[in-house]
Amino acid sequence: MDDYVCTVCGYIYKPAEGDKEENIKAGTDFKDIPTDWICPICGAEKAVFEKV
């Protein structure tokens, strides 16, 4: 599974860690995150993330 970076603020989504605050479990691949998920740091849409 690949990490993805927010092109707005630089936050890196790491599938091995998930996003506990949004109930995204560790091991969740980026493509499996809901489309309405937003960056936990800056609130940017999922669409602005790029594979690292």
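**Entry 1: contacts along the chain**

What share of the contacts in the protein with a separation of 6 or more comes from residues 24 or more positions apart? I looked it up, and the share is 45%. A reminder to myself: I am reading a predicted model.

**Entry 2: overall build**

I counted 0 helices and 3 strands. Along the sequence the pattern reads β-β-β. I then checked the radius of gyration: for 52 residues a compact globule would come out near 10 Å, and the protein has 10 Å, so the two agree. The C-alpha atoms take up a box of roughly 25 × 20 × 15 Å along the principal axes. Of the 52 residues, 33% are buried.

**Entry 3: the sheet**

Next I traced the strands. They form an open sheet of 3 strands in the order S2-S1-S3, and the pairing is antiparallel. Strand S2 (12-13) and strand S3 (49-51) are the edges, each pairing on one side only. I noted the general point that strands of a sheet pair through backbone hydrogen bonds, either parallel or antiparallel. Strand S1 covers residues 4-6 and is joined to S3 over 3 bridges.

I stayed with Cys 6, which sits in strand S1. Is Cys 6 buried or exposed? I found Cys 6 buried, because its relative accessibility is 3% and the cut-off for buried is under 20%. Beyond its neighbours within four places in sequence, Cys 6 is in contact with Tyr 11, Cys 39, Cys 42, Ala 44, Val 48 and Phe 49. I also took a C-alpha to C-alpha distance: Cys 6 and Glu 50 are 44 residues apart in sequence and 6.7 Å apart in space.

**Entry 4: the cysteines**

How many disulfides does the count come to? The count comes to 0. I wanted to know why, and I went through the sulfur distances. For Cys 6 the closest cysteine sulfur is in Cys 42, at 3.7 Å, which is too far for a bond. For Cys 9 the closest is in Cys 39, also at 3.7 Å and again too far for a bond. The cut-off I held these against is 2.5 Å between sulfur atoms. Cys 9 is partly exposed, at 35% relative accessibility.

**Entry 5: the nonpolar core**

Which residues make up the largest nonpolar core? I listed 11: Tyr 4, Cys 6, Tyr 11, Tyr 13, Ile 24, Phe 30, Ile 33, Trp 37, Cys 39, Ala 44 and Phe 49. As a general matter, nonpolar side chains tend to be buried together in soluble globular proteins. I picked Tyr 13 from the list and looked at its contacts beyond four places in sequence; among them are Asp 3, Tyr 4, Gly 18, Ile 24, Phe 30, Trp 37 and Phe 49.

**Entry 6: salt bridges**

I found 2 salt bridges. In one of them, Asp 2 and Lys 51 meet through their side chains, 3.7 Å from N to O. This pair links distant parts of the chain, with Asp 2 in the segment before S1 and Lys 51 in strand S3, 49 residues apart. Asp 2 is partly exposed at 36% relative accessible area, while Lys 51 is exposed at 53%. In the other pair, Lys 31 bridges to Asp 32, with their closest N and O atoms 3.4 Å apart. I marked Lys 31 as exposed, at 63% relative accessibility.

Not counting residues up to four places away, Gly 18 touches Tyr 11, Tyr 13, Ile 24, Lys 25 and Ala 26. From Gly 18 to Phe 30 I read 8.9 Å between C-alpha atoms, across 12 residues of sequence.

Asn 23 is in the loop between S2 and S3 too, but counts as exposed at 68% relative accessibility. What is the phi of Asn 23? I read a positive value of about 60 degrees, although Asn 23 is not a glycine. I flagged this because most residues other than glycine have a negative phi.

Key
Residues are numbered from 1 along each chain as its sequence is written. This is a predicted model: local features need pLDDT of at least 70, side-chain atom pairs count only at pLDDT 80 or more; totals for chains, interfaces and linings use all residues. Side-chain values use heavy atoms; hydrogens and water are left out. Two strands pair if DSSP finds at least two bridges between them. Helices (H or I, at least four residues) and strands (E, at least two) are DSSP runs, numbered from the N terminus. A salt bridge is a side-chain nitrogen of Lys or Arg within 4 Å of a carboxyl oxygen of Asp or Glu. Buried means under 20% relative accessible area, exposed over 50%, partly exposed in between (1.4 Å probe, protein chains only). A nonpolar core is a set of buried Ala, Val, Leu, Ile, Met, Phe, Trp, Tyr and Cys residues joined through side-chain atoms within 4.5 Å. Contact means heavy atoms within 4.5 Å. The radius of gyration is taken over C-alpha atoms; the globule rule is 2.2 Å times the number of residues to the power 0.38.
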